[in-house]
Amino acid sequence: MPPEAKLDVALNCPIQIAAGESILLGHGSGGQMSGDLLRNILLPALQNPVLDRLDDQAIVDVGGARIAFTTDSFVVKPLFFPGGDIGTLAVNGTVNDLAMGGAVPLFLSLALILEEGLPLDTLRRVVESIRVAAALTGVAVVTGDTKVVEKGSGDGLFVNTSGIGLVSPGIRLSADQARPGDRVLLSGTIGDHGITILSQREGLEFESAVASDTAALHTLVAGMLRASSEIRCLRDPTRGGLSSSLNEIAARSRVGIELEESAIPIREEVQGACELLGLDPLYVANEGKLVAVVAPSAAEPILQAMRQHPVGANAQIIGTVTDFHPEMVTLRTSLGTSRIVRMLSGDQLPRIC
Amino acid sequence: MKYLDEYRNQKIARGIVAELARRATQPWVLMEICGGQTHTLMRYGIDELLPAGIELVHGPGCPVCVTSLETIDKAIQIASHPEATLISYGDMLRVPGSRTDLFHVKAQGGDVRVVYSPTEALKFARANPNRKVVFFAVGFETTAPANAMAVWQAKREGLKNFSMLASHVLVPPAIRALLNSPRNRVQGFIGPGHVCTVMGYREYEDLICDFGVPIVVGGFEPLDLLEAILMLVTQLEEGRAEVENQYVRSVTRGGNPHAQKALAEVFEVCDRKWRGIGAIPESGLALRKEYAEFDADRIFGTEGVTAEEPAECISAEVLQGLKKPPDCSAFGTRCTPENPLGAPMVSSEGACAAYYQYRRYATASKGNH
């Protein structure tokens, strides 16, 4: 290619978020639009080798120790829902981001952004949930901050937690480690959290027996690591769902992933709600599930270890890593045909009919 | 899952496909009318299973896709009004109007909300008497009865702050327009199962009289569609042209009389412009003059809004089954779900988005074609 042509390509590089445009809800979906925000605005400004790995946590060497470090903000509506509340999410979410790096979670920070007028009772309930969740996971909240914004400038309560954990020598889990032949394991049913939240939203309420799956996954990960060291990478498929996590792994490792539709566990209630609303459960959020890519020989022992843990009881081998179609996730349907599982652009939109 | 897995059974599907291969002695071009059917065909890769020569083209039955550009522009104009709350089904929000879409209007401070049912919009209007609440009523005969009931209820309650931007469309006039086109290639139709659940299929018998093209009313699960295709091919091979009902668990010849009564009470047939196709006479439903006080078009003075469709978008040909989405030079490059040129790339039921979302490996590995 002549140099002029290169220059032309560079000048015409599509910038998704042009000047004058503004943030849309879809930028927070965990799909393509969230990725564009990262690639076009955040990464160019803040680039460094640790950040560029784009895993759920950063792992840095500090005085010979390997420290895992992560942060997450929680903006869920409603604040309380079947199975948990914003407080349990804020602890489990950050603990899980550490656990996906193979870290033992140790300490959390807690930052609260409170809207003027928030009932103190609501705050007490959330803080109690945080206390219980932290005690259950064995992490301590060791620092924090509170800010209050005017009524109308927040949505009751926003929570941010950061977490620090310790990674043992020899553990290297990263989204770029998947290799052809590896197996893809899923720890349980998908879509429980997203469908629970949707069923509680104003204007969209429907009756449902589903509860959020919010759970800490670090002891599950510890059990898996005891069963085999040949785990390539772990992800917790939160917003954007299973599809987004697998697409990220496929892209970062430059491999293809083939899923078996019939092997992916889904609760009947979740499947039913998705059918009714025109949603694909592969894109619906989870808060207590992990997807693992492991060496072929390690798949069985790791699966058995997962199934012995309460949050992994429904674990399944759901697919295989392949070199056949790099950076693409495909799914073998119940009819035996195959289709692509793309990263979604923004949020899934309920269909008209 | 009970009542679903039975309709997604691989063994039965292979059996129907084998029977299809036995019966088809020549190529046939069939069209599925509904966007929901297109979605299932793509999601399950059903066209991969069909014997060579059985070609499916994708019809105009995606309500999001055929809603005219000016109707979208009207909704955008209304949503930008400081006193208005525009309430819509979710998938209308990303449909591009002439200059922007409802998501951007919302980001700029417009009050835009998503519901699953027009009764939620009524509830919101009752609870917020200071807001001018507008329900964005699009869709085929399927969604129209519930919307009719919402207006009827509002009138009965004397609700003054509720209105409707109604842009309903009807299936039979669209089929008639397709069959009248000199470029028509379609030899048989999979009829719209949910529309016929409401309306029955008597109206489709007139189409058979006039055009002699078989119609099989079909459902939305993979086996529904395969069975409907088999029934169509059987008719074509035997030289018959009749209305047959594959979707018997939902559809009767007379349809749902209560829903039809609600429609007739609130709406009247009108001419309607379809995105990508143009004006089709007597192909829409508009509020009757007895319900004019609930017509958002009048309340917000948007009756005069007009719009031109982007020249590059070939959705006209796609929605008429003349071209497949990958035939478009903009497909997957200048036109993606992130940046759609036309409506069929927006909704998950739109033919272009369905191809883009699920296009099988064979298509994808060759790039965008």
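Which handedness does the crossing of α3(A) and α4(A) have? Everything shown is a predicted model, in which local features need pLDDT of at least 70, side-chain atom pairs count only at pLDDT 80 or more, and totals for chains, interfaces and linings use all residues. Residues are numbered from 1 along each chain as its sequence is written, and chains are lettered from A and ligands numbered from 1 in the order in which they are written.

**Figure 1. Chain A as a whole.** Chain A has nine helices and 14 strands; helices (H or I, at least four residues) and strands (E, at least two) are DSSP runs, numbered from the N terminus. Its average pLDDT is 90, and 92% of the residues score at least 70; pLDDT is the predictor's confidence in each residue, from 0 to 100. Please read residues 1–19 of chain A with their scores in mind: pLDDT stays under 50 there. The radius of gyration of chain A is 20 Å, which agrees with the value near 20 Å for a compact globule of 353 residues; the radius is taken over C-alpha atoms, and the globule rule is 2.2 Å times the number of residues to the power 0.38.

**Figure 2. Helices α3 and α4 of chain A.** Here is the pair from the opening question: α3(A) and α4(A) cross in a right-handed way. A crossing is right-handed if the near helix is turned clockwise from the far one by less than a right angle, and left-handed if anticlockwise. The axes of α3 (residues 86–99) and α4 (residues 120–137) of chain A come within 7 Å and cross at roughly 30 degrees; axes are lines fitted to C-alpha atoms, for helices over the stretch in contact, and angles run from 0 to 180 degrees between N-to-C directions. Among the residues that meet are A:Ala90, A:Val91 and A:Val95 in α3(A) and A:Ile130, A:Ala133 and A:Ala134 in α4(A). Two residues are in contact if their C-beta atoms, placed from the backbone, lie within 7 Å. This contact has nine nonpolar, five polar and no charged residues, where Ala, Val, Leu, Ile, Met, Phe, Trp, Tyr, Cys and Pro count as nonpolar, Asp, Glu, Lys and Arg as charged, and the others, Gly among them, as polar.

**Figure 3. Helices α6 and α9 of chain A.** Helix α6 (residues 218–227) packs against helix α9 (residues 299–307) of chain A at an angle of about 150 degrees, with the axes 8 Å apart. The crossing of α6(A) and α9(A) is right-handed. Contact residues include A:Leu220 and A:Met224 of α6(A), and A:Ile302 and A:Met306 of α9(A). By class, the contact of α6(A) with α9(A) has seven nonpolar residues, one polar and one charged.

**Figure 4. Where chain A touches chain B.** Contacts link 33 residues of chain A with 43 residues of chain B. On the chain A side, α2 (32–46), α8 (268–277) and β14 (338–340) each give two or more residues, and α8(A) gives the most, with four.

**Figure 5. Helix α16 of chain B.** All eight residues of α16 (351–358) of chain B are buried, including B:Cys352, B:Tyr355 and B:Tyr358. Their cover includes β14 of chain A, along with α2 (35–43), β2 (54–61) and α15 (315–319) of chain B.

Terms used:
Buried ≥ 20, exposed ≤ 12 C-beta atoms within 10 Å, placed from the backbone.
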